[in-house]
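Visitor: I've got a model open and I'd like to learn how to read it feature by feature. Could you walk me through it?

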Amino acid sequence: MIALVLAVVTLLPMTALAEPVIDSRAVQAQSTRTAPLTIGEVLARIELTHPLLRAMGAERSKARAKILKALGAWEPMVKNYTQTERYTTWNLTTAFDIPSQHTAGYADSTIQAGHPWGFTVEGGLRSGFGDRGNARIAFPPDVLAGYPQQHFYYGGSFHLLRGFMVNEENAQFQQAELAGPQAEIKVAQKRQDLYLAGAVQYWDWQVAVKQAEIVKRALAVAEERLVLVEGLAKGGKSAPLDVVEVNQEVQKRRQAAITAQRKVEYEQYKLSLFLWENGEPVTPRPEWAPEFQGETPLPTNDEVAAYKVEAKEARPEVQDIYIEAKINNIDIKLAKNKLLPMLDLEGGPTKGVADWIVGIGYRVGLHSEMPLFQREARGKVMAAEVSQQQLALKQLYIEQQVSFDVDNWLSAQVRARDRVTAATEALRLAKTLEEGERTRFNIGATTVLFVNIRERHVVEQAYQLYRAQADYAVSKGGMLWARGALSKPWAESELSKYGNQLTAAGMNGYKQPGRD
């Protein structure tokens with residue numbers, strides 16, 4: 001009869017110690033949910049709503065801002081310049097001692113535009129004015145516009161050596177263009193870190209829920225045994241000391257159940273930071289925890305080798321090194337270009353009013369200079385080449401690191417699988433000993449102390465099995481992380497179940513239709 005009661009009690013629902021503490025804000029929208037929380041949903045919600053991923057997506061907007069700033073170096077500009085001069089002339093044929101004073105000037109209204117290759121052009125109108133009237137001798141006979149003193153304006157400048165095609169502005173623009181790929185790498189790195197952290201927290205929460213179920217079930221068994229032993233003691237069939245022993249075990253298991261409940265609440269709050277809805281974290285309920293999945297085949301040697309190749313191409317850490325190398329190559333080209341002498345050609349209308357009104361319409365100039373020792377240029381070349389060597393060594397280390405990550409997570413997967421096998425067998429043996437000890441207790445061949453010890457071993461081995469199963473699941477996710485697969489958005493089929501991919505946090509910062 002005693003064995004029958006204990007068997008029935010083992011299958012009863014868990015005894016509730018107290019109402020679990022559940023955040024009642026965003027979780028109210030899912031209070032009637034019965035479907036289990038899957039790892040796919042966790043990763044999908046991270047992609048759709050996580051604030052940190054949205055914040056990192058803003059790097060895309062920063063990258064576009066850098067490009068716009070760099071493009072400003074060649075942006076067409078409307079310019080207006082007015083100059084007035086007072087000058088004196090003499091009539092040498094009649095009265096050379098009587099000066100003649102005049103006022104003249106011009107107003108230039110032009111549009112200037114540059115080019116990344118290092119040249120600028122400008123054109124517009126030069127409108128002359130002053131007290132010389134329409135005297136043709138006072139103004140150069142250039143391409144006339146609306147009236148004799150108004151001419152078409154054209155000019156520009158050109159770098160012949162230093163600055164031709166490779167110059168400060170062009171280098172800044174090329175590096176700004178690389179800010180876009182850098183932003184995508186930062187988003188991918190934040191995504192893969194959040195995915196892995198969310199997966200680890202998901203399995204920790206599931207282990208805590210399963211552990212709480214085991215502990216509470218063991219508490220229910222001890223409480224039923226206490227009632228049974230108290231009845232036997234009242235009838236004189238059991239010693240009063242056995243009642244104390246069973247009651248002590250009840251209190252110990254109640255403490256363990258309270259601790260387990262606190263662990264569940266702690267893990268669920270941590271998991272809620274990966275589950276967002278309407279701008280608030282959603283605290284998962286214990287009943288949402290699914291069962292652990294079975295094992296999957298281990299990757300073959302060929303698959304592992306392919307994973308390492310994939311990791312060296314897809315991991316954001318490796319891609320970031322490639323972008324840094326491109327930026328440094330631009331610095332090297334710019335530094336070597338500064339070793340060339342400066343030779344600039346420029347031309348356009350004369351700047352002085354006095355020169356212009358006497359007929360000197362245009363000027364052409366050639367500007368040349370070169371430092372004797374080229375210390376600045378040689379120093380910049382040296383610094384850029386040293387940075388290139390540092391990046392080469394850093395690239396070598398990171399490529400080896402990602403290969404190590406693949407091996408490390410493969411090792412974790414193999415050992416977790418072995419632990420699952422061993423823990424499953426240990427739990428089976430613990431349950432066998434537990435049943436045998438109960439049988440012995442029913443016939444009076446042992447004491448309740450040994451029954452309690454056997455039951456504790458079952459609880460401990462069950463926890464070890466859950467922990468091994470969770471570690472196995474984490475190791476599979478870790479292999480995806482090591483390969484760089486977690487740096488990509490989660491499957492669209494999953495995202496469409498929980499939100500709109502076009503408004504996802506991972507899409508934040510993408511350029512919207514229209515012009516900047």
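**Reading the model**

Guide: Buried means under 20% relative accessible area, exposed means over 50%, and partly exposed lies in between (1.4 Å probe, protein chains only). Before going on, note that this is a predicted model, in which local features need pLDDT of at least 70, side-chain atom pairs count only at pLDDT 80 or more, and totals for chains, interfaces and linings use all residues. Residues are numbered from 1 along each chain as its sequence is written, and side-chain values use heavy atoms, with hydrogens and water left out.

Visitor: Where is Gln374, and what is its phi near?

Guide: The general idea is that most residues other than glycine have a negative phi. Gln374 has a positive phi, near 55 degrees, and sits in the loop between β8 (362-369) and α10. Asn278 also has a positive phi, near 55 degrees, and lies in the loop between β5 (276-277) and β6 (280-281). With 74% relative accessibility, Asn278 counts as exposed.

Visitor: How many helices and strands are there in the chain?

Guide: There are 12 helices and 8 strands. They are DSSP runs numbered from the N terminus, with helices being H or I of at least four residues and strands being E of at least two. Of the 516 residues, 39% count as buried. The accessible surface comes to about 28100 Å², and 59% of that belongs to carbon and sulfur atoms; the areas come from the Shrake-Rupley method with a 1.4 Å probe, and for residues only the protein chains shown count as cover.

Visitor: What share of the contacts is between residues 24 or more positions apart?

Guide: A contact means heavy atoms within 4.5 Å. Among contacts with a separation of 6 or more, residues 24 or more positions apart account for 79%.

Visitor: How do I read a helix, say α3? Which of its residues are buried?

Guide: An α-helix has 3.6 residues a turn, so residues three or four places apart point the same way. Helix α3 (residues 51-71) has 21 residues and reaches 31 Å from first C-alpha to last, close to the 30 Å expected at 1.5 Å a residue; the expected span is 1.5 Å times one less than the number of residues. Its buried residues are Leu53, Gly57, Glu59, Arg60, Ala63 and Ala70. Seen down the axis of α3, they fall within an arc of 110 degrees, so they line one face of the helix. That arc is taken over the directions from the helix axis to the C-beta atoms. The buried residues of α3 pack against α2 (39-49), α4 (168-177) and α5 (179-234).

Visitor: And α7: which residues are buried there, and what covers them?

Guide: In α7, Val304, Tyr307, Ala311 and Ala314 are buried. They cover an arc of only 100 degrees around the axis, which puts them on the same side of α7. What covers them includes α8, α10 and α11. The face turned away from that buried side carries the exposed residues Asn301, Asp302 and Glu313.

Visitor: How many residues are in the largest nonpolar core?

Guide: A nonpolar core is a set of buried Ala, Val, Leu, Ile, Met, Phe, Trp, Tyr and Cys residues joined through side-chain atoms within 4.5 Å. The largest one here has 68 residues, and Leu37, Ile46, Tyr202, Trp203, Trp205 and Val406 have the most contacts inside it. Helix α5 gives the most to this core, with 18 residues. Leaving out residues up to four places away in sequence, Val406 touches Val304, Tyr307, Lys308, Ala311, Met479 and Ala482. A second, separate core of 7 residues includes Ala171, Leu178, Ile323 and Ile327.

Visitor: Is Glu267 buried or exposed?

Guide: Glu267 is in helix α6 and counts as buried, at 3% relative accessibility. Its side chain makes a polar contact with the side chain of Gln201 (2.6 Å). A polar contact is a pair of N or O atoms within 3.5 Å; within protein, one must be able to donate a hydrogen and the other to accept it, and residues adjacent in sequence count only if both atoms are side-chain atoms.

Visitor: How far apart are Arg417 and Glu295?

Guide: In sequence, Arg417 and Glu295 are 122 residues apart, and in space 7.4 Å, C-alpha to C-alpha. Arg417 lies in helix α10 and counts as partly exposed, at 26% relative accessibility.
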